[in-house]
Every structure is written in C-alpha cells, then in structure tokens.
Amino acid sequence: MTVRVPVERIEQEVESRLRTLAQQAKVAGFRPGKVPYKVVERKFGGAVRREVLGDLMQSSLREALVQEKLRPAGGPRIEPKVEAGTGLEYTATFEVYPEFTLAGVDTLKITRPAAEIAEHDVDSMLEKLRRQRVAWEAVERPSQAGDRVIIDYQGDIAGA
C-alpha cells in the first residue's frame, strides 16, 4: 500500500508543535516562554520535523487501513520515498488476514475413527513402561546381561 500525506498537513503540524514549544522552551538569552519563533525553529526544527513525520506515518497508516478495510496480520515494513517538497510518501508492505466465509455445519459428514487394541499391544506397552521406570539397586554378585555397571578406570601409557 502506498500512502501519501500532503506537504501542507506536515507543515501545519510542524508549525503548531513549534509554536507550542516556543511557549515552553528555555533558550539561553531569552526568558522562558519569550523565545522568538524563528529561534525555536532554527534550534528545534529538525527534531520536531522528524517527530511529526513519525507520528503522521503511524496515524496515516492507521487511517489508510481503516479506509481500505484491511486487517494486517503483522507489523508493516515501511519504505519511505523521499522527494523534496512533495510531502510524505511511503510504501507499507504487510500481510493481511484472508477473507473467507464459513460453510454450514449441517452439510458436514464426520466419521469417528475406530481403533482396536490387541492383547500384544497392551503387553508391549507395559514392557516399554517397565524399561523406562527401572529402579537400579546395588547387588553383591557378578554382573549379568541387563545390569547397569559403573566402572572406575584409570589408564596410563608406558607407566607414565
């Protein structure tokens, strides 16, 4: 989606914010609230313009989404197009939720799957659970198949 904000709207908002700021700004050599508009514009103009552009980008995107009746599925990727004197123009790329209609449930046919459990299935599951839940105990006999053995081993090469 490409969104354009006219330069008049940008300039009007920048001027409005600078005038508000001029009433509160503290600049060396001037009393608070008595700073001339031109001084405030020179000192704070760039920062205020960037702030206004960011705010207008967000609000204009929201307005465009409502106008076009779009429901974005995530945050947009915004690519601004910078051209002097043309206002704000940017391209927002995003995914939208799909439009669909639900079918009536009275026409659906549902088949319940049937599962048969044989005796050998139960036996194999019980054996698997026994192997998973083994409790190991120390014994005083030689090891056999299926025993867990702990070996303490130290090796050296040529007596070193």
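1. A helix here is a DSSP run of at least four residues, and helices are numbered from the N terminus. With that in hand, helix H1 covers residues 7–24 and holds both Arg19 and Glu15, which sit 4 residues apart, about one turn of the helix. Please keep in mind while reading that this is a predicted model.

2. Let's stay with that pair for a moment. Arg19 and Glu15 form a salt bridge, with 3.2 Å between the closest N and O atoms. Arg19 is partly exposed at 42% relative accessibility, and Glu15 is partly exposed at 36%.

3. Next, the sheet. It is open, has 3 strands in the order E1-E3-E2, and its pairing is antiparallel. E1 and E2 are the edge strands, each pairing on one side only. On average, neighbouring strands are turned by 25° against each other, direction ignored. Helix H2 packs on this sheet and touches E1, E2 and E3, its direction making about 55° with that of E3.

4. Val3 and Val5 form its covered face, while Thr2 and Arg4 form the uncovered one. E1 pairs with strand E3 (residues 88–93) in the antiparallel sense over 4 bridges, and the bridge partner of Thr2 in E3 is Thr91.

5. What do the side chains of Arg4 and Glu89 meet in? They meet in a salt bridge, 3.4 Å from N to O. Because Arg4 lies in strand E1 and Glu89 in strand E3, the pair ties together parts that are 85 residues apart in sequence. Arg4 is exposed, with a relative accessible area of 60%, whereas Glu89 is buried at 17%.

6. The count of salt bridges comes to 12. Glu13, Arg17, Glu51 and Asp55 are linked in a network of them.

7. Now for helix H3 (residues 119–132), where Leu126 is found. Leu126 is partly exposed at 40% relative accessibility, and together with Ile117, Val122, Met125 and Leu129 it makes a nonpolar surface patch of about 450 Å². H3 also holds Glu127 and Arg130, 3 residues apart, whose side chains meet in a salt bridge of 3.3 Å, N to O. Glu127 is partly exposed at 36%, but Arg130 counts as exposed at 54%.

8. One last residue deserves a look. Most residues other than glycine have a negative phi. Lys69 is not a glycine, yet its phi is positive, about 55°. Lys69 lies in the loop between helix H2 (37–68) and strand E2 (77–81), and counts as exposed at 71% relative accessibility.

Methods. Residues are numbered from 1 along each chain as its sequence is written. This is a predicted model: local features need pLDDT of at least 70, side-chain atom pairs count only at pLDDT 80 or more; totals for chains, interfaces and linings use all residues. Side-chain values use heavy atoms; hydrogens and water are left out. Patches are made of residues with over 30% relative accessible area and no salt bridge: like charges are joined within 9 Å, nonpolar side chains (Val, Leu, Ile, Met, Phe, Trp, Tyr) within 5 Å. Accessible areas come from the Shrake-Rupley method with a 1.4 Å probe; for residues, only the protein chains shown count as cover. A salt bridge is a side-chain nitrogen of Lys or Arg within 4 Å of a carboxyl oxygen of Asp or Glu. Helices (H or I, at least four residues) and strands (E, at least two) are DSSP runs, numbered from the N terminus. Buried means under 20% relative accessible area, exposed over 50%, partly exposed in between (1.4 Å probe, protein chains only). Two strands pair if DSSP finds at least two bridges between them. Axes are lines fitted to C-alpha atoms, for helices over the stretch in contact, and angles run from 0 to 180 degrees between N-to-C directions. Contact means heavy atoms within 4.5 Å.
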